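Welcome, and thanks for taking a look at this one with us. Below is a short tour, from the overall layout down to a few backbone details.

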Number of protein chains: 2
Amino acid sequence: MNQNEAKRKITIYDTTLRDGAQGEGIHFSTQDKLSYVKRIEEMGSLYVEAGWPGANPRDDNFFQLIKEQEVPMTHIAAFGSTCKVNEAPENSEILLKLVASGAKTITIFGKAWDLHVRDVLRTSLEENLRLIRESVSFLVKQGHDVFFDAEHFFDGFKENPDYALKCIEMALQAGASIAILCDTNGGSLPKDIALGVEMVRREFAPQELGIHVHNDSGLAVANSLVAVEAGVTQVQGTWNGYGERCGNANLSTLVPLLQVKGNYDVLSDSALHKITPFSRFAAELSNAPFDERQPYVGRSAFAHKAGMHVDAILKNHRTFEHMDPGEVGNERRILISDQAGKANIFERLRRFDPDIVKEDPLVEKAMLEIKDMENNGFQFEAAEGSLDLLLVRTLNRFTSPFEVLDYHVWSDPLRGELDSVAVVKVKVGEQTVQIAAEGNGPVNALDSALRQALASFFPILAESELVDYKVRVLDGSRGTEAIVRVIIDTRLGHEVWGTIGVSNNILKASAQALLDAINWTIWKFDEGARRARV
Amino acid sequence: MNQNEAKRKITIYDTTLRDGAQGEGIHFSTQDKLSYVKRIEEMGSLYVEAGWPGANPRDDNFFQLIKEQEVPMTHIAAFGSTCKVNEAPENSEILLKLVASGAKTITIFGKAWDLHVRDVLRTSLEENLRLIRESVSFLVKQGHDVFFDAEHFFDGFKENPDYALKCIEMALQAGASIAILCDTNGGSLPKDIALGVEMVRREFAPQELGIHVHNDSGLAVANSLVAVEAGVTQVQGTWNGYGERCGNANLSTLVPLLQVKGNYDVLSDSALHKITPFSRFAAELSNAPFDERQPYVGRSAFAHKAGMHVDAILKNHRTFEHMDPGEVGNERRILISDQAGKANIFERLRRFDPDIVKEDPLVEKAMLEIKDMENNGFQFEAAEGSLDLLLVRTLNRFTSPFEVLDYHVWSDPLRGELDSVAVVKVKVGEQTVQIAAEGNGPVNALDSALRQALASFFPILAESELVDYKVRVLDGSRGTEAIVRVIIDTRLGHEVWGTIGVSNNILKASAQALLDAINWTIWKFDEGARRARV
């Protein structure tokens, strides 16, 4: 038996599109859901809980459209609840819509905490057992694979263990293929989870079990791990941990944790390799900011800031890295800040001049300039384009091939489309060009004018695009006249980099960041321009 | 014996200002550190590791200045390392600067993983033991209370347990009052932590021990909890979990977890009550965005979005809340989004009209308007001022007491100070006022002009201030002409609220958000204006 065969298989049930969408600020359109399902194919075989048919037009639409799509690896699950109190399953609008969704796998939740039966359903404990039994049975008879979410199982088990177990028993007897134990309120401790899973296993083994936990105590990842160690084989969670309140168990953390640290068989190695870009994709779709400090997949996850750490990492990576970032498709980063020693700056300068030595006065010069700018509100950690531009300038490998002599902006926001005009005057070599451009808003007008003025000299600029624009007020107490920091992310091909501007005028800060973006594009991708003008 | 006496005391060692500052994007000035130490007094007696004397001028400055300050509750600790290889402690610049800092408590780290001794220190295992022994002994003889951080203890224990234990023994024999077991790389599993702590306890009990872990596997909180359960009495961490790479154990989660769920004696109840505002204060100082999904202290931590959850919460709070948010100074929120059912809207409308019934057509009307605006890029979850304004308008309780007839902005960013001019024309009752105002940047000019034009009519506006300004590009692929969403946070007294504007012109979006902020200020705080004009 080789090592692989010895690993226990853990199935991932991804509820990003359903429970994830219950997180504050998370939204998925029908089209978002379709893109998601298409892209998640690269992660291999897993379950995707895609919505609640009947809850809103977006979800209905999705299940209608997904029928026509080819998704061989992904099992699409529809989510819903048991039928209502005093209702027969065959008359239940909820159950009929689940059946009509066309999903083979249907997950329904039922109450497993007597408090909910009394205070929310306001019915008898017996009636709730009937809802579970008859709802599961009805769906199974229609040919569905039924997953039963035992809502609030752990809270219920604490207060009325017999009843919580009885709810599980009803679902299993009625033909549910798996019972998922839920810590819906996210307040359970690892020892509660271990005990609950063990007790259910004692009653129902070898029945397959799942775990679904929330992060209200910061323990969702640990609680899922504990449940897996206690024997569950299905883990429910969301990418980036989106979900109601503090979110669900974070698959972006859990998957590598189980696979790399726990030695379980979760995804293929090549799929594991894709979880960093996939997590970022999920964030983009959801319209939520990506948490860069996230374990495994965040930009900061393998980013070293303290000078002593950088020094040690360069001697042996294991000294400050618990794993190879490449395994999860992430990468090591050496940060530059006023905490950084020369080792950080030196390491980054070597990208541009492999022969530079640590004692070169340019290393010191770059470090002092960076510290000085950081004192004035710059922050290069998210603006590696501006940082690298500063470094190649320090190495005397780059001077800007153009000069901006002047620019003005007018804006008349009540006018409608193209409500702003920018005039810029630039000098390239001996030529001076003055361009006026309209735009939707003053920043767009300025961007257009700058690009139009420069595009004929540097055609590469037409290929780059601005993909994100962020503004941060550095000293809120000064209101709208505070210093603002603008960070612009630019993409060319597969590369994305940030550039930065700092000013008390948002246009000036934007112009700085735009000019750095333009200069870095030219330096990096227009070899002719770079060589001709150095 | 009452229940309180039975609780085990856990000491908090707060390294936000030192290890926290090694997180990407985290910066503290000397003044920030002084403000922090002053404010943390309200949390009661704990240790604050404030910096590394000698590492940079900010930290030196801090220890110089803190000597003159009164901080009766807080124990200030200075951080550093053992002396260097082949160096006598009395000649060690590191140790001498620690002594000169004047801090009573000194925490030094030493290597406890043989790999580091070989590959980073590049010395013999014996010599490393000498560094630990002599450094601790030197500081103890100078009259300091010495804490020993056993760096990489758990990795070291895995690969060479005898040596890792020997390092601890050296420090304790030399007089360290506590040994802190560190999972510096953050890769250890809860079972590794439990085993490590148990083995150290077996050798050295009843010696006091501490735990210091990182979050690289998403387990920092769980690993700290496991260590406490295994017998450590000091927990090291940072507020909001700031720190190198994925951060340190998050005190904002751990403190309530240990106190409320674990039944340990950590802080007083009144201090626990302050951890939500304190965590937010730490975020403001560090200049990092606050993670609103954080357990216990995040704005989303007790925020309910799904309609069914809201319905249940209104019947019994325990149904979807694992604890009372008030215990940690947080509050329940009912979110309004297109996932929200009528229950959410109804609950919020009742704030303004306690007599409204769920069936009132205005509830439906408000819900449709909100869903329509959210489809167009608005998002009311972070803009409760704009949301409430919409609701009071729906209830016909508010019409704006002024009208903006026109506005224009000019900006000439290369001009220097006051580089922008805004002209606004407003109508209040029968009076029309036209005002031009200069500003630093176009948004500031517009803000000034609007406020100047309205301040004589509504004096309350002079008391409110804009405290944050956020911009988000909604569709990055359209670059600078994309739709932007501006959210402005305004403060008046202790209240802070967000307002929102959406447009492809950043000035127009800003104007919308500013006008909502002004209208909401007037509605909420200027009773005369409100009543006169309804």
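## Ground rules

A residue is called buried if 20 or more other C-beta atoms lie within 10 Å of its own, exposed if 12 or fewer do, and partly exposed in between, with C-beta atoms placed from the backbone. This is a predicted model, in which local features need pLDDT of at least 70 and side-chain atom pairs count only at pLDDT 80 or more, while totals for chains, interfaces and linings use all residues. Residues are numbered from 1 along each chain as its sequence is written, and chains are lettered from A and ligands numbered from 1 in the order in which they are written.

## Chain A as a whole

Along its principal axes, chain A has C-alpha atoms filling a box of roughly 85 × 60 × 45 Å. Chain A holds 20 helices and 16 strands; here helices (H or I, at least four residues) and strands (E, at least two) are DSSP runs, numbered from the N terminus. Of the 534 residues in chain A, 55% are buried. Among contacts in chain A with a separation of 6 or more, 67% are between residues 24 or more positions apart, a contact being two C-beta atoms, placed from the backbone, within 7 Å.

Chain A is divided into domain 1 (10–286), domain 2 (303–376) and domain 3 (402–457), with bounds that come from an automatic or database domain assignment. Between the C-alpha centres of domain 2 and domain 3 of chain A there are 37 Å. An unreviewed UniProt entry annotates residues 10–276 of chain A as "domain: Pyruvate carboxyltransferase"; UniProt positions follow the numbering used here, feature names are shortened, and annotations may be inferred rather than shown by experiment. That span is 43% helix and 18% strand, and its end C-alpha atoms lie 20 Å apart.

## Around strand 8 of chain A

Strand 8 (residues 234–237) of chain A has A:Gln234 and A:Gln236 pointing one way and A:Val235 and A:Gly237 the other, and all are buried. Strand 1 (residues 11–14) of chain A runs parallel to strand 8 and is joined to it by 4 bridges, where pairing requires at least two DSSP bridges between the strands. Here A:Thr11 sits opposite A:Gln234.

Strand 7 (residues 209–213) of chain A also runs parallel to strand 8, through 3 bridges, and A:Ile211 has A:Val235 as its bridge partner. With helix 10 (residues 220–229) of chain A, strands 7 and 8 form a right-handed β-α-β unit; right-handed means that, with the strands pointing away from the viewer, the path from the first strand over the helix to the second runs clockwise.

## Backbone details

Most residues other than glycine have a negative phi, and most peptide bonds are trans. A cis bond links A:Ala205 to A:Pro206, with omega about 5°, and A:Pro206 is in the loop between helix 9 (190–204) and strand 7 of chain A. In chain B, the bond from B:Ala205 to B:Pro206 is cis, with omega near 5°.

A:His152 lies in the loop between strand 5 (145–151) and helix 7 (153–159) of chain A, and counts as buried because it has 27 C-beta neighbours inside 10 Å. B:Asn86 belongs to the loop between strand 3 (74–81) and helix 4 of chain B, and B:Asn86 is exposed because 9 other C-beta atoms are within 10 Å.
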